[in-house]
Amino acid sequence: MIRTRGQWIALIVFLVALAVLPHVLGPRLVAISTNMLIMAVVVIGLQINMGYAGQINLGQAAFMGVGAYATGALAIKFNLPFWLSIPLGGCAAAVFGFIFGLSAVRIKGFYLALTTIAAQTLFHFLILNLPQSWFGGSNGLTLEPAQIFGFSFVSETSIYYLCLGVTALMVFGAYGIVRSRHGRAFVAVCDDDVASGLMGINVVRTKAIAFLIGAFYAGIAGALWAYYVRFVAVDQFTLFHSIWFIAMVIVGGLGSITGALIGVFVIKAIQESFVTLGPGIVAQFPSLGGDVVFALMNVFLGGIIAAFLIFEPRGLMHRWNILKRSYRLWPFPY
């Protein structure tokens, strides 16, 4: 929560830096930044679902895919503008997530994780087996650029600003949700759902709403992704992606919207560093091959996640809070 003038100044400086970023960085770094903004929306939704409500979700990529396909179908079949198809794509993902959220009423832990994996499998099955005229089947969907008042979001800079505006709106909404009575209910259910029920909280509705909100955020991100790459296919939304979304939440810190943003930045920065350094490593050691470098990247990232789970399970945001408290108390030892 922003309480002081210094925090407001820091926020304004940060927003100005994001606004001028496309004019300072090259096209590739702008594209990476756009990707980070889209991933941030997905991970924030997962943070609300998992970090605040305590509901394990391994199907976030499937919910993202539902939003992308729904947006693409609405834009192609009904010629809806992007400012209407994007929220409708989020609503479609929210309905899909709500259905699987109902299963969280009776089960938890490992069994809930298996149920959300079923969402991932069902998404792929439906897209590939429904009539090809609906969602394109294995051929996918190709979208036209987003347009408003004759202006097309075609360049990297323009699509960056579109994603930045939507992401800022979703981040603002997420802070509002977690500070509302729904956010307090999420935390109570996460701590102890039995005690929450005795306190008068509707546990069934709270768990279902947590899945609905998380899926809605994923659907909005999927809609942005559809307009960003202008092509939607099932292999863009796999269980592998869902696992990395969870990794971003773990690294950033459970139960913190800011931590989700930090986790996205750290994981994506490491991934892109490997992508940048990979060709040089292969050139120096031809016997390794590109597949080995890709595998090493996953092993390295997996090791980072394991290290966080062992040594800092509360993530980077927890460590940052400790540093802030230490700074405020210095030089006193208590």
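Visitor: Is K268 to be read as buried or exposed?

Guide: The general idea is to compare the relative accessible area with a cut-off, and a residue under 20% counts as buried. In this predicted model, K268 has 9% relative accessibility and therefore counts as buried. K268 is part of helix α12, which covers residues 257-284.

Visitor: Which residues does K268 touch, once those up to four places away in sequence are not counted?

Guide: The contacts of K268 are then N35, M36, M39 and M248.

Visitor: How does one read the packing of two helices, and what are the angle and separation for α3 and α4?

Guide: One looks at the axes, the crossing angle and the hand, and then at the residues that meet. Helix α3 spans residues 60-77 and helix α4 spans residues 82-101; their axes come within 8 Å and cross at roughly 140°. Angles over 145 degrees count as roughly antiparallel and those from 65 to 115 as roughly perpendicular, so an angle between these ranges is oblique. The helices α3 and α4 are therefore oblique to each other. Their crossing is right-handed.

Visitor: Which residues of α3 and α4 meet?

Guide: From α3 come F63, V66, G67, A70, T71 and L74, and they meet S85, I86, L88, G89, A92, A93, F96 and G97 of α4. Sorted by class, this contact has nine nonpolar and five polar residues, and no charged ones.

Visitor: What does the backbone do just after α3?

Guide: There N79 takes a positive phi of about 55°, although N79 is not a glycine. N79 belongs to the loop between α3 and α4. With a relative accessible area of 65%, N79 is exposed.

Visitor: Where does R230 lie, and what is its phi?

Guide: R230 is found in the loop between α10 (203-229) and β4 (231-232). R230 is not a glycine, yet its phi is positive, at about 60°. Its relative accessible area is 29%, so R230 is partly exposed.

Visitor: How do α4 and α10 cross?

Guide: The axes of α4 and α10 come within 6 Å, with a crossing at roughly 145°. This crossing is right-handed. Among the α4 residues in the contact are F82, I86, G90 and F98, and among those of α10 are F211, I220, A223 and Y227. The contact of α4 with α10 divides into 16 nonpolar, six polar and no charged residues.

Visitor: At what angle do α2 and α7 pack?

Guide: Helix α2 (residues 27-52) and helix α7 (residues 156-179) pack at about 20°, with their axes 9 Å apart. Angles under 35 degrees count as roughly parallel, and α2 and α7 are therefore roughly parallel to each other. Their crossing is left-handed. By class, the contact of α2 with α7 has 19 nonpolar, three polar and one charged residues.

Visitor: Which residues does T167 contact, leaving aside neighbours within four places in sequence?

Guide: T167, in helix α7, is then in contact with L37, A40 and V41. T167 is buried, with a relative accessible area of 5%. T167 and P145 are 22 residues apart along the chain, and their C-alpha atoms are separated by 19 Å.

Notes: Residues numbered from 1 in each chain as written. Predicted model: local features only at pLDDT ≥ 70, side-chain atom pairs only at ≥ 80, totals over all residues. Heavy atoms only, no water. Axes fitted to C-alpha atoms, helices over the stretch in contact; angles between N-to-C directions. Helix = DSSP H or I, 4+ residues; strand = E, 2+ residues; numbered from the N terminus. Left-handed = near helix turned anticlockwise from the far one by under 90°. Contact = heavy atoms within 4.5 Å. Nonpolar A, V, L, I, M, F, W, Y, C, P; charged D, E, K, R; others polar. Buried < 20%, exposed > 50% of the residue type's maximum accessible area, 1.4 Å probe, protein only.
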